[in-house]
Amino acid sequence: MLKFARAVGWAVAGVRYAVKTQRNMKIHLVVAVLVVVICLFLGMPPAELAIMSLTIFLVLTAEMFNTAIEAVVDLFTLNRHPLARAAKDVGAGAVLLTAINALVVAYLLIWPRLAGLFR
Ligand SMILES: Nc1ncnc2c1ncn2[C@@H]1O[C@H](COP(=O)(O)OP(=O)(O)OP(=O)(O)O)[C@@H](O)[C@H]1O
């Protein structure tokens with residue numbers, strides 16, 4: 001049990017590191033809170049809230065992996081190297097894909113409800 005608690009502590013430290021050091025992670029978190037508030041305000045049903053939750057955590061998780069990749073690359077070399085660039089670019093590309101997915105989901109689930117408010 002103590003071992004599990006310690007592992008959770010290290011995992012939380014990882015999230016704190018990403019939030020502290022990554023400007024994008026802070027932006028993702030602010031946007032996530034705003035989106036959750038909007039979804040609750042719009043009275044979104046549970047199934048759609050679950051999709052929003054998955055979408056939000058997908059972006060945050062991708063940013064965490066991207067941060068880990070950047071740290072490992074920088075640990076390995078601070079010199080310019082095509083493979084270092086590829087690793088960082090691919091990590092950033094993964095975050096971009098999850099962000100595009102988030103836009104699609106927001107367009108499908110939030111936009112119609114918001115538009116409905118002004119009709
Ligand atoms: N060692 C390297 N060799 C070659 N290209 C690199 C290297 N480090 C970074 N780059 C290039 O610069 C880009 C930005 O790298 P950087 O480490 O500044 O990441 P970042 O996306 O700005 O991260 P952060 O969110 O921490 O600012 C990378 O996507 C990559 O194209």
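Me: Which residues are around the ligand?
Reply: In this predicted model, the residues around the ligand are Gln22, Asn24, Glu70, Thr77, Arg80, His81, Ala84, Arg85, Lys88, Asp89 and Ala92.

Me: Which helix gives the largest share of that shell?
Reply: Helix α4, spanning residues 82-109, provides the largest share, with five residues.

Me: And how many are nonpolar, polar or charged?
Reply: The shell around the ligand comprises five charged residues, four polar residues and two nonpolar residues.

Me: What does UniProt list as "binding site"?
Reply: The unreviewed UniProt entry lists Glu70 under that heading. Glu70 is also among the residues around the ligand in the model.

Me: Where does Glu70 lie, and which residues does it touch?
Reply: Glu70 lies in helix α3, which covers residues 46-76. Leaving aside residues up to four places away in sequence, Glu70 touches Lys88 and Gly91.

Me: Why is Glu70 classed as partly exposed?
Reply: Glu70 is partly exposed because 17 other C-beta atoms lie within 10 Å, whereas a buried residue has 20 or more.

Me: Changing topic, which residue has the "active site" annotation?
Reply: In the unreviewed UniProt entry, that annotation covers Glu63. Glu63 is placed in helix α3.

Me: Is Glu63 buried or exposed?
Reply: Glu63 counts as buried, because it has 24 C-beta neighbours inside 10 Å.

Me: Which residues does Glu63 touch?
Reply: Not counting residues up to four places away in sequence, Glu63 touches Ala18, Gln22, Asn24, Met25, His28 and Val95.

Conventions. Residues numbered from 1 in each chain as written. Predicted model: local features only at pLDDT ≥ 70, side-chain atom pairs only at ≥ 80, totals over all residues. Near = placed C-beta within 6 Å. Helix = DSSP H or I, 4+ residues; strand = E, 2+ residues; numbered from the N terminus. Nonpolar A, V, L, I, M, F, W, Y, C, P; charged D, E, K, R; others polar. UniProt positions renumbered as here; feature names shortened; annotations may be inferred. Buried ≥ 20, exposed ≤ 12 C-beta atoms within 10 Å, placed from the backbone. Contact = placed C-beta atoms within 7 Å.
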